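Subject: Handing over the model

Hi there,

Here is the structure I promised to pass on.

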Amino acid sequence: MIRKRPNDRSTNRQQRSSLWQKCTNLRALKQVHASMVVNGFNSNYSAIRELIFCGAMAISGTIDYAHQVFDHVSEPDNFLWNTMIRGSAQSQCPLNAVLLYTRMENRHARPDDFTFPFVLKACTKLSWVKMGMGIHGKVVRFGFESNTFVRNTLIYFHANCGDLRIASALFDDSAKRDVVPWSALTAGYARRGKLDVARRLFDEMPFKDLVSWNVMITGYAKQGEMESARKLFDEVPKRDVVTWNAMIAGYVLCGSNEQALQMFEEMRSLGEKPDEVTMLSLLSACADIGDLDVGQKIHSALLEMGSGDMSIILGNAVIDMYSKCGSIERALEVFRRMRDKDVSSWNSVIGGLAFHGHSEESVNLFKEMRRLKVRPNEITFVGVLVACSHAGKVEEGRGYFNLMRIVYRIEPNIKHYGCMVDLLGRAGILNEAFEFIEKMEIAPNAIVWRTLLGACRVHGNVELGRRANERLLEMRRDESGDFVLLSNIYASRGEWQGVEEVRKLMDDSGVKKEAGCSLVEADNSSLMHFLFDSKPKSR
DNA sequence: AGCGATACTA
């Protein structure tokens, strides 16, 4: 792949940069790396640097690979550190950016004015206020507080998750109050729900650019104020794909999926090109309303658009859409065609198959995944355990539960316990299911007890059912934090439907005392809802 | 030296 042309340096350089440009996915990246090793470029620092830059920045979803390569560099310079921190900050796991920064300090590499904006961005994404404050301290200590970029990112951090007063003070003290810090502050106020302050800032801006408008539109859209958003959208002097995306995402967020799709049509008819973000919103809308037809159309639009391969995240969204729209076959087809996969891709199909009752295939895929050395995560095991539960494979399920804990060192969460109770309960091993709940290391929630209750009913075990019922009522009696907690989790993620669900759970105290479990549904649909109805996450 | 700040996804 790489041919040496010792007499022509400029061609060589050009050729290399075009080579890196052709690197658009993990496979290509690995190929280039391999040929670097073969051709002896592996000790060439500038080649390594480009490789890492490519993995960390140019291609999405390849940051892990960049990490692997980076770990072998004995003395990375600031450019490499910064590139890795930057790439990690914008990845799924921004925590790595902070870890890298710590490593950097421990190795006595001196952070520079490029380093801090990236670390601060990671802190913002993580909403890690304490760490962000600490980094702010470092900024001061290293003397970068007056650097425009660093300062603007500090404003961005404090405005979005820290102290709005600090953000305002930093902004007021700025020598240059141009659009960037102004918009950052505005976005912060909007995100904190202070739309009136945000709007005032927006109106007072001496100069507005496209981003300022997008900030305000997004602010309204995220708070569900779609009328106000729409008003600004109609006023805006110029639109770009982000403007459209903000509107579409806003409609999806408040459940107006039809509006979102309509917006998409309008966008296309006006000649604005949708991008990955657009498609992700739309796919999630389709998955939400279970609209297979439109989902399919989005998928084919995607195939027409894409010059190369779909990104992993987009592929996962397509799989998820098909899976949630009930077409597990198509989900599998897309999965099989996908060249680069990550855990989420596997999770979607393993979970989808399990949910649709294809237990055997689900477990087989899990085995295949392990064979290919893809590390399963906690979500994977929810799928696998559901598959075992469906198929009544008690021993296998127990085995996987232990595999998760012992081999992969994943602490079981409430969903895993729910699966196990369902597994044991369905098989009629009720006493053990009961003991299982009692021995849980985390507090059981109502869904777990209701699952057991349902099993007791199916198997006609009145005595245990009564005890489970008591626990359920107890939980309600002391207004256990569980409901509040669960409902908070839902609310913080904007899943209002989930909140309603919890409210409903709280309302119907489940069961009447003497009636045993007569009011409990026989099927476990609420458990399945609990297990699968959250958005897929990769990590 | 080369990388950098605000908006849309998760």
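H299 sits in helix α18 (residues 292–305). Setting aside residues up to four places away in sequence, H299 touches M310, V318, Y322 and V334, where contact means heavy atoms within 4.5 Å.

Some housekeeping before the rest. This is a predicted model, in which local features need pLDDT of at least 70 and side-chain atom pairs count only at pLDDT 80 or more, while totals for chains, interfaces and linings use all residues. Residues are numbered from 1 along each chain as its sequence is written, chains are lettered from A and ligands numbered from 1 in the order in which they are written, and side-chain values use heavy atoms, with hydrogens and water left out.

The overall picture

Chain A has 31 helices and zero strands. Helices (H or I, at least four residues) and strands (E, at least two) are DSSP runs, numbered from the N terminus. Of the 539 residues in chain A, 50% are buried. Taking contacts in chain A between residues at least 6 apart in sequence, 61% of them join residues at least 24 apart.

Around DNA strand B

There are 34 residues around DNA strand B, and R49, R86, D113, N152 and N245 come nearest; a residue is near a strand if one of its heavy atoms lies within 4 Å of it. By class, that surface has 15 nonpolar, nine polar and 10 charged residues. Ala, Val, Leu, Ile, Met, Phe, Trp, Tyr, Cys and Pro count as nonpolar, Asp, Glu, Lys and Arg as charged, and the others, Gly among them, as polar.

Seven helices are listed as each supplying at least two residues of this surface: α5 (78–89), α7 (115–126), α9 (148–160), α11 (179–191), α13 (210–222), α15 (241–253) and α17 (276–289).

- N82: an N or O atom in its side chain is 3.0 Å from a base nitrogen of DNA strand B.
- N152: a polar side-chain atom lies 2.3 Å from a base nitrogen of DNA strand B.
- N214: a polar side-chain atom lies 2.7 Å from a base nitrogen of DNA strand B.

A look at α9

N152 is also one of the buried residues of α9. In this helix, 10 of the 13 residues are buried, and the buried ones pack against α7, α8 (129–142), α10 (164–173) and α11. At the start of α9, a side-chain oxygen of N147 comes within 2.8 Å of the backbone nitrogen of F149. The length agrees with expectation too, because 13 residues at 1.5 Å a residue should span 18 Å and the end C-alpha atoms are 18 Å apart; the expected span is 1.5 Å times one less than the number of residues.

The core and some buried positions

The largest nonpolar core has 165 residues, and I298, L452 and L531 touch the most other members. Helix α27 (residues 446–458) gives the largest share of this core, eight residues. Such a core is a set of buried Ala, Val, Leu, Ile, Met, Phe, Trp, Tyr and Cys residues joined through side-chain atoms within 4.5 Å. Beyond its neighbours within four places in sequence, L452 is in contact with V421, L430, A433, F434, I437 and A468.

S362, in helix α22 (residues 359–371), is buried at 0% relative accessibility. S362 and V386 are 24 residues apart in sequence, with their C-alpha atoms 9.4 Å apart in space.

Happy browsing!

Methods: Polar contact = N/O pair within 3.5 Å; in protein donor to acceptor, adjacent residues only side chain to side chain. Buried < 20%, exposed > 50% of the residue type's maximum accessible area, 1.4 Å probe, protein only.
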